[in-house]
Amino acid sequence: MSDTKTSIAPLKQKIDGEGLFRRGVLVFLTLYLILVLALPLAMMVFKSVQDHDGNVIGLQNYIEYFSTPSLFQSIFNSIYISSITTTITVVLAFIFAYGLHRSCIPFKGVFRALAMTPLLVPSLLSGISLIYLFGRQGVLTPLLFGNSIYGPIGIIVASVFFTFPYAFIILSTALSLADQRLYETAISLRASRWKIFWTVTLPGARYGLISAIFVVFIATFTDFGVPKTIGGNFNVLPVDIYKQVIGQQNFEMGAVVSTLLLLPAVLAFLVDQMARKNQVANLSANSVPYEPRKNRRFDAAMLIYCSLISSFVILIIITSQLAALIKFWPYNLSLSLDNYDFDRFAGGGWQSFKNSLQLAVYTSVIGTGFIFIGAYIVEKTKDAKLLREMFQFLAMLPMAIPGMVLGLSYIFFFNHPANPMSFLYGTMAILVISTLTHYYTVAHLTMTTAIKQLDPEFESVSMSLGQPSHKVVRLVTLPICLPTILDVFFYIFVRAMTTVSVVVFLYSSDTSLASIAMLNMGDLGDNAPAAAMGMMIFYVNVAARLFNGVISSSLRKRTQAWRTR
Amino acid sequence: MPSARYLSISNITKSFGGFTALQNLNLDIGRGEFVCFLGPSGCGKTTLLRIIAGLEIQTAGSIEQDNEDISLRPPSKRDFGIVFQSYALFPNLSIRRNVAYGIESRQVSRQETNARVDELLKLVNLADQVDKYPAQLSGGQQQRVALARALAPSPGLLLLDEPLSALDASVRHQLRHEIRSLQNRLGVTTIMVTHDQEEALTMADRIVVMNHGTIEQVGTPHEIYANPVTPFVAQSIGHMNLIECTASGPGKLQLNEAVLIHSADAAPVSGLALAAIRPEDILILKDKKKTENRVDGTVTTIEFRGQSYRLSVAVADMNDVELTVDISAQNKRDMSLEEGDKIGLKLPAESLHVFDGQE
């Protein structure tokens, strides 16, 4: 039995036209991701060991960086801010998610929607609202007892606001997976509510907690909009990159800081990946879903808590809306639409808003197609294992790359005179490419999860019936995945409307965006029109979300009749 | 093997990395035959089915179907229909569209397709469900839709991958008969993978018993039951007592004082041996007479099984080996047996199977 093992070459099925086509698409997608992700990043890291004239000087730039206290102080500042934000956000979001899943409070849908609202605005909008609330002429400034909102306090509060939904989504999923039988067993063993929390609830959500901690940490650590708006003189790494590149045109030092920003993000990404893998093993098909029971005191406490958190979200949005409408805070409180007359201010005016819409539409249309094809082929192809693994890795990588780092590496790569694609630099196309790349991972994961839920034998059945494989895609896979395809479409749309960090180095005067206009107006002290621009983004995103809900539910009624029994 | 050879599997080997899932298998299947691949999970039966379908590709070896070499053809170029354990019905298509999936085309008119679908659904007794969706049907109904869909293009070969294992016991029994009588009527060559011995015994023309990627025995259900060629086969169909002993000459076995005479062919004449006997073949002796192949022991448990009783007897003559003995309810009443009784057992020479005990 042992003789014939390795000597014979394994047989191979003849690859037909379809197989060849699939492989061709996979090669194309992989090469594309190498081109827009791997090569620019490599180029950036390489840039960090060069001098101005392009000579390789080893770690000289790093030595210079670490011997300049004003520079490397930012590392500690970034870690400080991110740690505190992470602690606050995860605790607040955990209790909020716990309230929604484990109590019988009313208005759960409203609370959920409000918890997700920060996703609909650029991160810097909360900074602007905080300036109106706690700034030098803020309404609530006395509450700070002489402390300044410009600096760590402001950054932390604003960061908690914009990272809250990330933690909430992850913890909400983790808490929704509870098995009723575990709780019934615990009660039958006469465990107290407190003991059940520590022995059943918390262990059940532990991977979600780890995941939430890392996601919030990375998001805060790499965010640029908030510290730029409200950070004052408190320097953090992303702001340093901006200052080095835009302020001092010191690209090499920008590359050094970017590399330093990249390291912890990649590390956190790896830990998060491991945590996610374990969470899957936690699920079993025959679990009985948890049903909360009424408990007056607990429900009342949770209702108060969820209302408080939601009020804070509403406060930030309302403040921004009022700031946009009030003529001249605090001297002329009459309402007007003057601040929406963006052409009077710097930052590109209404054109930048139109550009944002354009970017969002292009990215979501192209991106959804791209992501479906990539996810489908990588999930449904059986051969070409190495190629698939390479593609899968490249698709996961963007999650670990901070937006600013990606943007900066695009400067180095696409602006290089020897690059035949340098004509893309400064166009709408490069904004579409960078935005899609930056948000690729989450969309890809959502899509592959949906495709994985399909019976793997659909294709086998179709083949056995002698049908071409595009038929099963057209008649079965696409219709079943349509709700997910819509979710991915609107996810990309909303993110493209709000992104700042990934495009801040890449826009030109013709392609300025709404979020960039906000940034630049805020920079010049025009906070009111910046708030107005932020609200424009908010309106569009709310409309997009509502639209998503409407088509999803009408689709469900029309084409998903099979889902109901 | 009845009639002409339809499917011929030669020297099929399949390895995944260092693991050998199938080892040099050879098997011929006749036209119109119903064959079951029987074995525990991981024995390679499903892998073999998938290789026949072209969903997996063998590492070495060849397959001929209807005198054509199909070894390297992709599934869509082979002639078979398949039913999976999960049914794999398209959930967003109606029953009609599911069954029509493999036969609708531009060359065939809508009426013709519909007529064929109606005919097939009638065949599986689901004519009235044609406009429903799969989720609206019971498990057994879904399985019959999957069957109709697989049969729609009139394939030469029907492959069933554990088609009944996801169903309730009563539905399973009923579907066994339905599938078998449908197969008889259509005369389609059929291969079914199962780990359920009863299913294989009641449905198959021939059973292929598999273990660890090899074929242990091929034969009619009766052959497999009456003349198992390996201890594994003996144990995988029905109950079998296995007794480790020593061969002490032609037709002779020994364990402690007990000497057993047997008439098995190809039995070892010396060294370790494994004697096997079915519970229903063992006779109970109430007298004390010393006769050939008699052993004595004590009844340890009596288990009521409806029309029969199953006794466990610890045989003192043979190192207290526990033997299982089946007797009819009538017999048990006549003998008024109780737990703890001392009884004699006769292991008739012609009922003993003997295997080499070295393996």
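This is a predicted model: local features need pLDDT of at least 70, side-chain atom pairs count only at pLDDT 80 or more; totals for chains, interfaces and linings use all residues.
Trainee: Why is Phe145(A) called exposed?

Mentor: Phe145(A) has 6 other C-beta atoms within 10 Å. The cut-off for exposed is 12 or fewer, so Phe145(A) is exposed.

Trainee: What else is noted about Phe145(A), and where does it lie?

Mentor: Its phi is positive, about 50°, although Phe145(A) is not a glycine. Most residues other than glycine have a negative phi. Phe145(A) is found in the loop between helix 5 (123-134) and helix 6 (152-176) of chain A.

Trainee: Is Asn125(B) buried or exposed, and how do you know?

Mentor: There are 12 other C-beta atoms within 10 Å of Asn125(B). Since exposed covers 12 or fewer, Asn125(B) counts as exposed. Phi of Asn125(B) is also positive, near 60°, and its place is the loop between helix 3 (110-123) and helix 4 (139-151) of chain B.

Trainee: What makes Gly102(B) buried?

Mentor: The count for Gly102(B) is 21 other C-beta atoms within 10 Å. Buried begins at 20 or more, so Gly102(B) is buried. Gly102(B) sits in the loop between helix 2 (95-100) and helix 3 of chain B.

Trainee: Which residues is Gly102(B) in contact with, leaving aside its neighbours within four places in sequence?

Mentor: From chain A there are Leu465(A), Gly466(A) and Gln467(A), and from chain B there are Arg149(B), Ala152(B) and Pro153(B).

Trainee: How many residues does each chain bring to the contact between the chains?

Mentor: Chain B brings 28 residues and chain A brings 25 residues. On the side of chain B that touches chain A, 18 are nonpolar, 10 are polar and none is charged.

Trainee: Which peptide bond is called cis?

Mentor: The bond from Trp329(A) to Pro330(A) is cis, with omega near -10°. Most peptide bonds are trans. Pro330(A) lies in the loop between strand 1 (326-328) and strand 2 (332-335) of chain A.

Trainee: Why are helix 18 and helix 20 of chain A called roughly antiparallel?

Mentor: Helix 18 (residues 440-452) and helix 20 (residues 469-498) of chain A pack at an angle of about 175°, with axes 10 Å apart. Angles over 145 degrees count as roughly antiparallel, so the two helices of chain A are given that name.

Trainee: What makes up their contact?

Mentor: Helix 18 of chain A contributes residues including Val442(A), Met447(A) and Ile451(A), and helix 20 of chain A contributes residues including Cys481(A), Asp487(A) and Tyr491(A). By kind, the contact residues are 9 nonpolar, 2 polar and 1 charged.

Trainee: Why are strand 6 and strand 10 of chain B said to stand at the edges of their sheet?

Mentor: The open sheet has 6 strands in the order 6-7-8-3-9-10 of chain B, with mixed pairing. Strand 6 (81-83) and strand 10 (214-219) of chain B each have a single partner strand, so one side of each is left without a neighbour in the sheet. On average, neighbouring strands are turned by 15° against each other, direction ignored.

Trainee: How do you know that strand 3 and strand 9 of chain B pair?

Mentor: Pairing takes at least two bridges, and 4 bridges join strand 3 (residues 34-38) to strand 9 (residues 206-211) of chain B. These two strands run parallel, and Cys36(B) stands opposite Ile207(B) of strand 9.

Trainee: Which helix packs on the sheet?

Mentor: Helix 4 of chain B does, touching strand 6 and strand 7 (157-161) of chain B. Its direction makes about 170° with that of strand 6 of chain B.

Methods. Residues are numbered from 1 along each chain as its sequence is written. Chains are lettered from A and ligands numbered from 1 in the order in which they are written. Two residues are in contact if their C-beta atoms, placed from the backbone, lie within 7 Å. Ala, Val, Leu, Ile, Met, Phe, Trp, Tyr, Cys and Pro count as nonpolar, Asp, Glu, Lys and Arg as charged, and the others, Gly among them, as polar. Axes are lines fitted to C-alpha atoms, for helices over the stretch in contact, and angles run from 0 to 180 degrees between N-to-C directions. Angles under 35 degrees count as roughly parallel, over 145 as roughly antiparallel, 65 to 115 as roughly perpendicular and the rest as oblique.
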